[in-house]
Amino acid sequence: MDNLRNLRGTADLLPDQLIKWQNVESILREQLKRSSVREIRTPIIEMTELFERGIGEATDVVAKEMYTFLDRGERSCTLRPEGTASVVRAMINNGLSNNLFQKLWYMGPMFRYERPQAGRQRQFHQLGVEYIGSHSPRSDVELITLAWDILQKLGIKNLSLEINSLGNIEDRENYQKSFRDWLESNYKLLDSDSQKRVNKNPLRILDSKNSETQNLLKNAPILIDFLSQKSIDRYEFIKENLDFLKIPFIENVKLVRGLDYYTHTAFEITSDELGSQATVCGGGRYDNLIKQMGGNDTPAIGFAIGLERLMLLAGKNFEIQRHIDIFIINKGIRSEALAMKLYRKLRKYDVITEIDISGSSISKQFKKANKCKARSIIVIGEEEAMKHQFKIRLFSDDENNEEKTINIDDNDGLEVWLKNIIPIN
Ligand code: HAM
């Protein structure tokens, strides 16, 4: 299997790692359920056009990073690089893009052909939340607060929330005109990447990693000065309410985000502990996207959390795994058959059961039960099998640890004993 490896930028998640993924995911699901956000699942493969139109052809994601191919019917397909465009398509296709307020979440793999590094993969996972159908700045406050609280709930410290307002399309076009003029007059001083963006996607220059460009940008016009009074009012409302809820935030006038669909609110949550790929959560409002994709004029806002980055931050707190509750030790043909029957029966209860099928000696099986830290053991040897019985006890040397003999068909007797390790409903 020398040359059969997983693709660069993809990762296997092995059972030991998945313990923390599952623990974190179950907290995420629970928090979303408590906030009455409902799950939506869309295909991971879509028509390429969906992302070209939805995310914007000049964005890095569409121009350079999509996994696009022709299927056998010569249709151009793309593995989803993000979830928002797909959710919008699903809403429109299913006649749900009206102004009924909907709160949706999704979780799953996304694909971007980026240079892999810590916290950046080609197949990665996101939890996304989309609030569709409300123009009210209260939904912005609510959504940002949800993102913040989820990360707090996972015990992640030292996060920083940055927010900005991109205004409406008109505000942004006015800004873009003035910014482009400024860029053109400073063209020679820009780094080469930024020079390429002047015509295609000038706002992304604000995000440039080049320190000289960043220095130069200090004198550039800023978007916030081009916002209409209405846009300023809604931005002020959001900031006031975040203050009221004691959600700490920093205003970052250069925060523009990498996808074209944003209007008004844009935000990111970052952590110093993540190194260069510091953003764990990014989101914003996209009031024009649904209409632009053929739906009704429906405002919306959402965010996505990168799960790999989330695990880097929160994973350590969630490595605790539930050990095996019952280990069934069995030896001999008749015992093995009864052990199988019991193993099957125990699936009715909330206990994790392991059965030894090695056929090795009873003492070796005891060692195995010990190694996997089983909480209790069932023993079915030849003698027990003859009598149609098994012995069960907690796995400890404590003298008070009484061993119980139960008939294989005595469900009541088994349930009484199981109360030692689980509450039975
Ligand atoms: P995004 O900023 O492109 O936004 O991605 C959101 C998060 O996904 C990032 O902050 C990061 O944590 C994670 N992420 C992105 N690319 C990678 C990668 N290559 N490897 C690992 N993690 C990655 C969106 O995708 C928008 N759809 C968010 C949104 C929802 N806006 C409105 N609604």
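**View 1. H388 counts as partly exposed, at 34% relative accessibility.** Partly exposed means between buried (under 20% relative accessible area) and exposed (over 50%), with a 1.4 Å probe and only the protein chains as cover. The model is predicted, so local features need pLDDT of at least 70 and side-chain atom pairs pLDDT 80 or more, while totals for chains, interfaces and linings use all residues. Residues are numbered from 1 along each chain as its sequence is written, and side-chain values use heavy atoms, without hydrogens or water. H388 sits in the loop that joins α14 (382–386) to β15 (389–394). Helices (H or I, at least four residues) and strands (E, at least two) are DSSP runs numbered from the N terminus. Although H388 is not a glycine, its phi is positive, at about 65 degrees.

**View 2. N158 occupies the loop between α5 (137–153) and β7 (159–165).** With a relative accessible area of 61%, N158 is exposed. The phi of N158 is also positive, near 55 degrees, in a residue other than glycine.

**View 3. Helix α4 (residues 84–93) is largely enclosed by the rest of the structure, because 7 of its 10 residues are buried.** The buried residues of α4 are T84, A85 and S86, then V87 and V88, and lastly A90 and M91. The cover over these residues includes the strands β2 (45–47), β5 (102–111) and β6. The helices α2 (48–55) and α10 (289–292) are also among the elements that cover them. Contact here means heavy atoms within 4.5 Å. After α4 comes G95, which has a positive phi near 65 degrees.

**View 4. The ligand is surrounded by 26 residues.** The closest are E82, E114, Q121, E130 and Y262. Sorted by class, the shell around the ligand holds 9 nonpolar, 10 polar and 7 charged residues. Asp, Glu, Lys and Arg count as charged; Ala, Val, Leu, Ile, Met, Phe, Trp, Tyr, Cys and Pro as nonpolar; the others, Gly among them, as polar.

View 5. The ligand taken alone exposes 660 Å², and the protein buries 95% of that. Strands β6 (123–132), β10 (279–285) and β11 (300–306) are the elements that give two or more residues to the shell around the ligand. Of the elements, β10 gives the most, with 6 residues.

View 6. Along the principal axes, the C-alpha atoms fill a box of roughly 95 × 55 × 45 Å. Of the 425 residues, 48% are buried.

Methods:
A residue is near a molecule or strand if one of its heavy atoms lies within 4 Å of it. Accessible areas come from the Shrake-Rupley method with a 1.4 Å probe; for residues, only the protein chains shown count as cover.
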